[in-house]
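Open your viewer and switch to the cartoon view. This tour goes strand by strand. Keep the selection tool ready.

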Amino acid sequence: MRSIRTRTEALVLLLFCAACSTGVGPPIGEDRPGDPQRGGVLRTAFFTDVRGLDAATAFDTAASALESLIYDGLVSYDDQGKIVPVLAERIDVSPDGKRYVFPLRRGVTFHDGSELTAADVKRSMERALHVKTPCPVPSYYERVVGYAAYHDGKAEELVGVKVEGDYQIAIELSEPDATFLHIMALPIVAPVCKSAGRVWERTFASQPCGAGPFKVTRYENGQIIKLVRHEGYWDKGKPYLDGVDWYLSMQSFTQRFKFDQGDIDYIRELSEADSLLYRTTPAWRGRGEWEPSLTTGGTFMNTEMPPFDNRHVRRAVSYAIDREQLAGVRPGHVRAHAKMVPNVLIAPEPEYPQQRFDYATALEEMRLAGYAYDPKTGQGGYPHEIPYLAILDSYAQTAAEIYQQQLAKIGIRIKIQVVGWPTFLAKTGRRKTAQMGFSGWHADFPDPSTFFEPILATKSIQDEESQNAAFFSNKELDDVLDRARRSTSTDERKALYRRAEAIVADEAPWATTYTYSYLELWHPYLHGYRPHPVLSQHVRNAWIDAGQKKLARRGARGLPFLDRLVQSGSKHARTTLALAESGGSR
Amino acid sequence: MFDPRAFRRFKQNRGAVFGAALVLVLVVFAAFGPLLAGHDPNISDFGGGRDGSGALLGPSSRHLLGVDPLLRDSFSRLAHGARISLLVAFFATTLSIVVGAAVGLASGYAEDTRAAGLDTFLMRMVDVGLSFPYLLLVMAIGAAVGDTTILTILMVLGLTSWFGTARIIRAKTIQVRHLDFIVASRALGQTTSFILLRHILPNVAGPLIVIASASVAQMIIAESVLSYLQVGLPPPTATWGRMLLEGQRFYTVAPRLVLAPGIMIFLAVLGFNLLGEGLRDALDPHED
Amino acid sequence: MLAYLGRRLLWSFFTIWAVVTATFFIYNVLPEDPARVIAGPQARPADVARIRTQLGLDRPVHIRYARYMTGLVSLKKPPADAKDDGAWKLGPVRIDLGVSYLKRKPVTTLLAKALPPTLLVGFLALAIEVAIGAAAGMLAAMKRHGFLDYGTVALTLVGISAPTFLTGLLLQHFLARELRLFPLDGYGQTSAEQLHSAMLPALTLGLYGAAYYTRLVRDEMITLLKEDYIRTARAKGQSEWLVVIRHALRNALMPLVTVVGLSMGSLVGGAIVTEKIFRWPGIGSLSVDAIVERDGPVIMGVVILFSSVVVAANFLVDLSYAVLDPRVRRR
C-alpha cells in the first residue's frame, strides 16, 4: 500500500513539476550556408490587426511592413540604409537640388500584368496627394511644385511631376529638400495598379495591387493576410519565397508558442519575459538580433500650462528621471536614451548635448522654480496632482508607473490616465488641455528632421490636433531647423542638429527617456533575413532551406507537456524513483 | 427576519458555514493584509527585485509572493486589491440594492391600483435598462467620464445592475401585499409609507439579503473584468483584474502572477455564493 | 390577446429606439475625434481637418442625430447608380447602419461577418449548457442526498464562481497548449477548423452556464418529483426513468426554455473577455475594439443589434407564455 501511494505521489510530483517548469524549444535546423533556394512559405505574426493595405492611407508599423512587400517604389534603401534606385534605373539630381530625374526600368509589371510607365508613376502620386484622399502626411511633399494648388483641389494635376516619355519621370521642387529622396521611398507614393483608380476609393485597401515582389491573395481582418510570389516581378529569380503568411491579432505568448513548435518561422514581438528566456537558453545563444530602434520615447510637458510654463520645473523633471532604472525594468528591450534623435541616426559623441539623471540638480531646479521640496520631510514640491496621459496597452503605460515613483521624489505627484489612441491624440493636440503625458516618435524616414519639425517647431502648433503637444515655440530652434532642411551639406546639417539637440536639452519641452527595441528571432532554416536599419521586418529577400526544416521537424516535437516530462524527468526521475523505491522497501 | 431557527439551519449547513468562513478570512485579509505586508504596493524594488539570473524574484524571504513585472511586492498588491474589490463590491451592491428595492417596492405596491401608471413607467424603465448591453454600457460610460476613480466605478456598477433586483422585489411585494395582515393594515387606515416600511420591507428583506450576497459576488467579477479590459481603476492601483492582466504576459516564466489573483477572485466569489446559498436555505427552506 | 401582443410589439420598438438614442448621445459626448485616429499621430493638422470633413464629423450633434436616424431606416430607393453600401433590405425598407470610421467598411458588413462566429460559439455553448444542465440536474435530483448529488452541487458552485477569463485561460493552457487537443486561438478557415476552434471558447462559456442550468433543473426536478401525479405514476409501477422523462422533464424544461430565451441577448452581446482570450472574431471583439477606438457607427450598430435581439427574445418569450398559459390570454 505504502509503496503505491508513494509512487503515486512521485508521479504527481513529476507531473506537477513538468506542468510548471518552462523552457523553450530548441532552434529548428542548422546554419548550413548555401545558395538561396526557391520555395517555401514564410509564416509570421502581428500582435495588432492591419486595417488596410492602401499605402496612401495606412501608415502604421504593421501595414508598412506588408506594404513594403506589395509595393515597389522608385527608390528604396539597401541593406546599409542607403538610398538606392529600385523601379528607377538611376537618380539624377540637378546642381541646384530642385530637379530630380528618374529614368524607369523597362519591363516592370504590376500584379495585374500591365506594364509600368511614367504615366503610372504620376497617376499614383497624384492619387496619394489628392484632396479627397485621407492621406495622413501629404504635407511631406509640400515642396513639390504645384503641391499647394493640387492638394487644395484648385488644380487638376500636380504640375511639378513631369512625364517625359514612357520611361522617364522628373520632379521639380520649389526649394531644395534634404529629405526628398526619403519621402520618395515611402510607400505612400509607390506606383499602384490602375485598379486603384485616379481618385481614392476605400475598396483598394483590401484589394491592394502594386509592383512589388508579393501580391495579396487572402486578407481577413484580425485573422490572416496571405501573400504569394508575383511571378512577373522585375527582379528575375526573386523573391525566393513562394509566399508569406502573416497572422494578425495574435498575442505575443501565442506567437511564442507557435514559434516554439515551428509553426511560425520568424518572430519579433516577444514579450520581455520570453525574450529573456531565449537569451538565457544556451541553444539560442548568438541567434537573433535586436532591431535597430528608430523610436524615441519620453514625456512631453505642455509649456503653456502650469507648472510646465516654468522652465525650471521642466528641467527638474528631465533631471529627476532615472533612465537606467526605467531600462532596468525591461532589460534589453528598453534602453536609456536622453536626446531626441535615436543613436542609430546620430551617434552621440562625447560632450554631445543630452539630458541626464541628476537628483541633486533636479531638487535645485525645483527650488529655483519656487517649489522647493524636502525629501526628508516630504514637505513642499508642487501642490497639485498632475494628470499624466498614457496609452492603453503600451510600454509607455509601464514607464508612467515608474515616472510616478521617481517624480514623487522631487515633490511632483502625477496621476496616470490610461486612454485609447483617439482620446490621447485629441487631448494632447488641443490647446491648454493636457499638461503632461507620454510622447514618442517613430522616424518616418531616417533623417533627423523628422524628429524635430513635426513635434517641436512653431509651425506645428495648432489649436486642435497640434502635433506639437508641448506647444513649444522657440524662434532659434525654428530657424535652425529651417536651415537644416534646406541645406545640402552633411557637415552643416550635423552642426545644426547638434544645436537643435542643445536647445531641446536645455529648454526641456520633452524629457526623452528611452528607446524601445525588439528582439527578432528566427529558426536557422530561414536565411537571408536580418533586421534592416530602416525598413521594419524587411523579409522580401529571405529564403527557406526546406530540407533543413523537414529534417529537424521529423525529430518529433510531441506534446509540450510530454517534452517537459522527459526534460524534467531526467532531472527529477532519479530523485522520485529513489523516493518511490525507498517507500516500497520500507 | 432574525429568526433563531434560521440561524440554526444556517449553522448546520456546512457549505454555508464554509462560505461564511471564506468571507471572513477575506475581510480580515483585506483589512489587515496591507498593514502586515511591509511593502508599499506601488513602489518598485529596483535593487532587490531580481534574482541571480536576472529573472523576477519569486516567493522568498524578501518578498512573500515574489514581485510583479514592475518589481513591486505581489503579496502587498494582492492585499490592497482585496480591499478595493471588497469596497467596490459592497458599496456598489448597496447602491444597487437600495435603488432596486425602492423601485421594486414602489412598483409592486402601485401595481393594479390607481397609481398603476407608476408601476408601468418604472417597469418600462427596467425593460429598457435590461435591454442594454451591460458591459458595453459600463465601458462606454467609463470611457466617457474619462477619469475613473473608485467612486465612478462604484456608481456605474451600482446604477447599472439594479434592474433585475427591482423585478424580483416587485414580484415579492405584490405577493406580500395580498396577505391578510396587509389588507387589515390598510383597512385600519395606516399610511402607505408606514405599511411599506414596517410591514412589507421586513418581508422582502430575506430575498434582498440573498440577492445582495450573490450581487457582491457578481460585482467582484465585474470589477475584475473591467480592470482586465483596462477600463477600471487607473494604474498603478493594484486590483486583482489588473494583476491578472499584467501577469498574463509573464505567464510562461511566473505562473504565480496569474494564479494568485485568479485564485483570490475565485475564492472570494465562491465564498459569497456559498454564503448567499446558505442564507437562502436558512431563511426560506425547501421542505425536504 | 391580439391587442396585448400588439401593445407588446409597439413597446418593443420603443425600447429599441430609447436604447439607440441613449447610446448615440452618450457616444457623442465623448471628447475625442475619430478623424485623428484615421490620420495617425504623424499627420499634420490640416490633413486631419480634411479627413474630418470627408467623413462628415464636423456638424453639430442634433443634426448628426437627425441624419443618423433618417438614414438608419428608410423607405427611399437609392439612385440606380449608387454603390452598394451594404445596407440590409427587408422588402421596401432599407436599414443602413453607416460606415465604420476605421475599417472603412459598412457596419452591416462588419456585423454580418462577426455574427457567424458569435452564433457558432453561442449555440455550441448553449448546447453544452443545456445538455449538461439537463442531464446533471436530472441525475442529481433523482439521486438526492447521494454522493452524485453533493458532488454535482459542489461542482456547480465552482462553476459559477470561476470567472470566465480564469476558466478560459486555464482551459487554453491545459487543453490547447499542453495537450494540443484544440487550436490555441483564432477562427480557422474551413468549417471543420472553425468547429474545432470554437470548442474551447464554447466550453469556457458553457461550463459557467452549465453550472447555472444544472442547479435550475435540479431545483425544478426536486419540486416536481414530489408532485402527486409523479407519485401516482410510480405507484402504478412505471419505471423510474419513464416517470421522470415523461412527466417531470417536460415541466422542468419550461423555465429552462425561458432562461435560455432570455440569455439570447448575452450570446449575441458577446462574451467579450472570452473572445479576447481566444482571438475569436465575434461581436464581442468588434464592440470592445469599437469602444476603445471610438468608432461610432460600429458601437451604434452593436447596440442596436444587441437590444433588438434582447427585445425580440423577450417578445417571443411573452408570446410563448401567451400561447401556453391560458391565464395570460385573458388580458
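## Start with one strand

Select residues 510-516 of chain A. This is strand E20, and it is mostly covered: seven of its seven residues are buried. Remember that you are looking at a predicted model.

Which residue of E20(A) is the bridge partner of A:Gly297? Click on A:Tyr514 to see that partner.

Then pick A:Arg335, which stands opposite A:Thr515 in E20(A). Show side chains as you go. In a regular strand, they alternate between the two faces of the sheet.

Select six strands of chain A in the order E14-E20-E13-E19-E17-E18: they form an open sheet with mixed pairing. Which strands stand at the edges? They are E14 and E18 (414-419) of chain A; each has a single partner strand, so one side of each is left without a neighbour in the sheet. Turn the view and look along the sheet. Direction ignored, neighbouring strands are turned by 30° against each other on average.

Last stop: select residues 395-408 of chain A. This is helix H11, which lies across E13, E14, E17 (386-391), E18, E19 (436-442) and E20 of chain A. Compare its direction with E18(A): the helix runs at about 170° to that strand.

Key: Residues numbered from 1 in each chain as written. Chains lettered and ligands numbered in written order. Predicted model: local features only at pLDDT ≥ 70, side-chain atom pairs only at ≥ 80, totals over all residues. Buried ≥ 20, exposed ≤ 12 C-beta atoms within 10 Å, placed from the backbone. Helix = DSSP H or I, 4+ residues; strand = E, 2+ residues; numbered from the N terminus. Pairing = 2+ DSSP bridges. Axes fitted to C-alpha atoms, helices over the stretch in contact; angles between N-to-C directions. Contact = placed C-beta atoms within 7 Å.
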